[in-house]
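Look over the sequence and the coordinates before reading on.

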Amino acid sequence: VAADPLTRAAAEADDAADPLAAFRDRFVSDAAGVIYLDGNSLGRLPVATRERLGAAAAEWGERLVGGWHDWIDAPVRTGDLLAEQVLGAGPGEVVVCDSTTVNLFKLVGAVLDAPDTPRHPPALVTDRGNFPTDRYVVEGIAAQRGLELRLFDGEPDAATLPCGAGDVVVLSHVGYRTGALADLPALQAAARERGATLIWDLSHSAGAVPVELRASGAELAVGCTYKYLNAGPGAPAYLYVASALQAELRSPIWGWFGQRELFAMERDYDPDPSIRRFLAGTPPILGLAAVEEGIRITADAGIAALHAKAVAVTERIVALHDAWLAPLGFELATPRDPARRGSHVALRHPRAWQITRALVERAGVVPDFRGPDAVRLGVAPLYIRHVDVWDALDRLRDLVARRGHEEFDPSPGRVT
Ligand SMILES: *Cc1c(COP(=O)(O)O)cnc(C)c1O
């Protein structure tokens, strides 16, 4: 007789069979028994990264300005590693720099300034549910350039993607709120057919689900490194420009690190022919060292294994939600089809904010809240176990059943 999948014993059995189980020990561990389900906001600290940051600081102390001989290539070197191990891109197509926000600004601007952009004014298109910084960047550029801003409702869908020739579309691969995974190849093909340029934001997908930029014909992408790639708070982000497009695009930020000969200081601005043209200023060398370590752990595990684990753990959350939480007024906001979701699950409840606070302060579970009514459970596949989600949902069920959340202030705080 098969064990009841809703029991803790079944979760323990799945952990015992988990090929990634040993990776958990490669991360700095919890304060006593806290279950950290927010790796999709800020990933955990890898033990190797703590050591590497110490070494990087020592290197700065020893080499001083002489260190730049190597450091200068770190954005491209780290980009190549990320391209090969995580993004399905080629060498020279990815560079690690700046924040996701700034990189998105650079790519949208570069597309709008490209010489072959049609004469009629393009529209800037994104979904109303997209991550705030993506919407703000697009809205800001539309306002600065007097262009139409076209926001659509619902999940991005290839059949209805509202764009035409010359438009610039910005989409997230995995939606930060719902965890829905967009059909990247289909949307990419739809944009191409309509003559629009599509820029992907991979912040919530890279490191947890397969991203095959080249194979799917993706042209442009950005993303952060501090979520599933575990590179740390404020670690530099990345951008991807398919080789075929690099010659015709230039960054709207003309900085000395994008210049062909960086130290030919008397020259006029002449962008480097390679992906380096998308750099702006001095790269953050300590942050880049952390990005490299984060990519190495991800590569050791392998994206296919990480995705399989993400599917298995989110399936357990869905099953436990249906059995325990739906009767308490929760509603699943994430797609039920595992092929259509990333590595987090959003549970809607009218008291989501109070429940989130109560989980953190009374139950030793760290999820996060995304307004207006979602508790988000991120299950970073490198270090979350099946028993972690079993215990977290057991504590959640118990807390809400005895109304333990009602003592908490119902108005959301400054950082949610
Ligand atoms: C986390 C995230 C960002 C973060 O942008 P930063 O500039 O690094 O703060 C951007 N977009 C999406 C979709 C995200 O999930």
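Where is Arg 128 found? Arg 128 is in the loop between strand 3 (123-127) and helix 6, where helices (H or I, at least four residues) and strands (E, at least two) are DSSP runs numbered from the N terminus. The model is predicted, so local features need pLDDT of at least 70 and side-chain atom pairs count only at pLDDT 80 or more, while totals for chains, interfaces and linings use all residues. Residues are numbered from 1 along each chain as its sequence is written, and side-chain values use heavy atoms, with hydrogens and water left out.

Arg 128 counts as partly exposed, at 44% relative accessibility. The classes are buried for under 20% relative accessible area, exposed for over 50%, and partly exposed in between, with a 1.4 Å probe and protein chains only. Not counting residues up to four places away in sequence, Arg 128 touches Arg 135, Leu 151, Phe 152 and Asp 153; contact means heavy atoms within 4.5 Å. Gly 54 is 74 residues from Arg 128 in sequence, and the two C-alpha atoms are 42 Å apart in space.

Phe 152 is also one of the contacts of Leu 161. Leu 161 lies in the loop between strand 4 (148-152) and strand 5 (168-172). Is Leu 161 buried or exposed? With a relative accessible area of 3%, Leu 161 is buried. Leaving aside neighbours within four places in sequence, the residues in contact with Leu 161 are Phe 152, Val 169, Leu 171, Leu 187, Ala 191 and Arg 194.

Another buried residue is Arg 376, at 1% relative accessibility. Arg 376 is found in strand 13 (residues 374-378). Which side chain does the side chain of Arg 376 make a polar contact with? The partner is Asp 368, at 2.6 Å. A polar contact is a pair of N or O atoms within 3.5 Å; within protein, one must be able to donate a hydrogen and the other to accept it, and residues adjacent in sequence count only if both atoms are side-chain atoms. The side chain of Arg 376 also reaches the backbone oxygen of Tyr 176, at 2.9 Å.

The loop between strand 12 (368-370) and strand 13 holds Pro 372. The peptide bond from Gly 371 to Pro 372 is cis, with omega near 5°. Most residues other than glycine have a negative phi, and most peptide bonds are trans. Leu 64, which is not a glycine, has a positive phi of about 45°, and is found in the loop between helix 2 (47-63) and helix 3 (68-71). Asp 98 is not a glycine either, and has a positive phi of about 50°. Asp 98 is in the loop between strand 2 (94-96) and helix 5, and counts as partly exposed at 27% relative accessibility.

Turn now to helix 1 (residues 8-16), whose buried residues are Ala 10, Ala 11 and Asp 15. These cover an arc of only 145° around the axis, which puts them on the same side of helix 1; the arc is that of the directions from the helix axis to the C-beta atoms. The face turned away from this buried side carries the exposed residues Ala 9 and Ala 16. The cover over the buried residues of helix 1 includes helix 10 (303-325) and helix 12 (386-401). His 386 is found in helix 12 and counts as buried at 4% relative accessibility. Beyond its neighbours within four places in sequence, His 386 is in contact with Ala 11, Asp 14, Asp 15, Ala 312, Val 313 and Arg 316.

The last stop is the ligand. Among the residues around the ligand are Ser 99, Phe 131, Asp 201 and Lys 227, where near means that a heavy atom lies within 4 Å. An oxygen atom of the ligand is 2.5 Å from an N or O atom in the side chain of Thr 101. For the side chain of His 204, the distance from an N or O atom to a ligand oxygen is 2.7 Å. A polar side-chain atom of Asp 134 lies 3.0 Å from a nitrogen atom of the ligand. Helix 5 (100-113) and helix 6 (132-145) are the elements that give two or more residues to the shell around the ligand.
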